[in-house]
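Here are my notes on the model you sent over. Have the structure open while you read, and go through the points in order.

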Amino acid sequence: MKHLLEGLNEQQREAVETTDGPLLIIAGAGSGKTRVLTRRLAYILNKRLAEPYQMLAVTFTNKAAGEMKNRVATLLGADIPELNVSTFHSFCARFLRKEGGRLGYERSFTIFDADDSETLAKNCIKDLNLSGSQFAPRAQIRKISSAKNKLISAAEFASSAGGYFEETTAKIYSLYQKRLHECNAMDFD
């Protein structure tokens, strides 16, 4: 256990040994955040305060996630496949593949990127016999994305729409969601 705390300064050691409740670590680049996080994961696992499948570490890149997982394995002297270390998007995609059936999706769903979403919006606008210049697909996707990020469904958006342009965006949003589902696809929002 001592090797997990070696080479850490006082604040880093405190962060590793703090195991009750959440912990926020704010530090600049190159200050040892990854070292602290990986040692904290290893510390918690070594003390048997949690099982690997109960832990989640999220980072920004696949490379960083792989490095973190390797460091924990090195610290503990064993590979731990059940340990969840990934990017936010990778974790969410894995979770949705497992639980997407509850939302009516097959495990093989597709995740539409920005270009796919814009193409789908363009097709919806066309199918609703609307002007693509008056209702630009990119602008409509921004409005839909904004609503989704505020957890406003297509139905909620439609019920609060005021005026022709919002009501028309609500129709586009509703058809967009319907078509996403028909394609067994999700977007990033």
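1. Start with the loop that holds N129. This residue sits between α5 (114-127) and α6 (137-149); helices here are DSSP runs of H or I with at least four residues, strands are runs of E with at least two, and numbering goes from the N terminus. N129 is not a glycine, yet its phi is positive, at about 55°. Its side is open to solvent by the numbers: N129 is exposed, with a relative accessible area of 71%. For the terms, buried is under 20% relative accessible area, exposed is over 50%, and partly exposed is in between (1.4 Å probe, protein chains only).

2. A word on what we are looking at. This is a predicted model, in which local features need pLDDT of at least 70 and side-chain atom pairs count only at pLDDT 80 or more, while totals for chains, interfaces and linings use all residues. Residues are numbered from 1 along each chain as its sequence is written, and side-chain values use heavy atoms, with hydrogens and water left out.

3. You will find R48 in the loop between α2 (33-46) and β1 (56-59), and it is exposed, at 68% relative accessible area.

4. Now the overall layout. The protein has eight helices and four strands, running along the sequence as α-α-β-α-β-α-β-α-α-α-α-β. Its radius of gyration is 23 Å, well over the 16 Å that the globule rule gives for 189 residues, so the protein is more spread out than a compact globule. (That radius is taken over C-alpha atoms, and the rule is 2.2 Å times the number of residues to the power 0.38.) Along the principal axes, the C-alpha trace spans about 70 × 35 × 25 Å.

5. How much of the protein is buried? Of the 189 residues, 34% are. The accessible surface comes to about 12100 Å², with 52% of it belonging to carbon and sulfur atoms; areas come from the Shrake-Rupley method with a 1.4 Å probe, and for residues only the protein chains shown count as cover.

6. Which residues does V85 touch? Leaving aside neighbours within four places in sequence, V85 is in contact with A57, A65, M68 and K69, where contact means heavy atoms within 4.5 Å. V85 lies in strand β2 (residues 84-87) and is buried, at 10% relative accessible area.

7. N184 is in the loop between α8 (164-182) and β4 (185-187), and at 13% relative accessibility it counts as buried. Not counting residues up to four places away in sequence, N184 touches Y105, E106, S108, F109 and T110. Its C-alpha is 43 Å from that of A15, 169 residues away along the chain.

8. Last, the cysteines. How many disulfides are there? The count comes to zero, taking a disulfide as a pair of cysteine sulfur atoms within 2.5 Å. The sulfur of C124 has its closest cysteine sulfur in C183, 9.0 Å away, which is too far for a bond. C124 is buried, at 0% relative accessible area, whereas C183 is partly exposed, at 44%.
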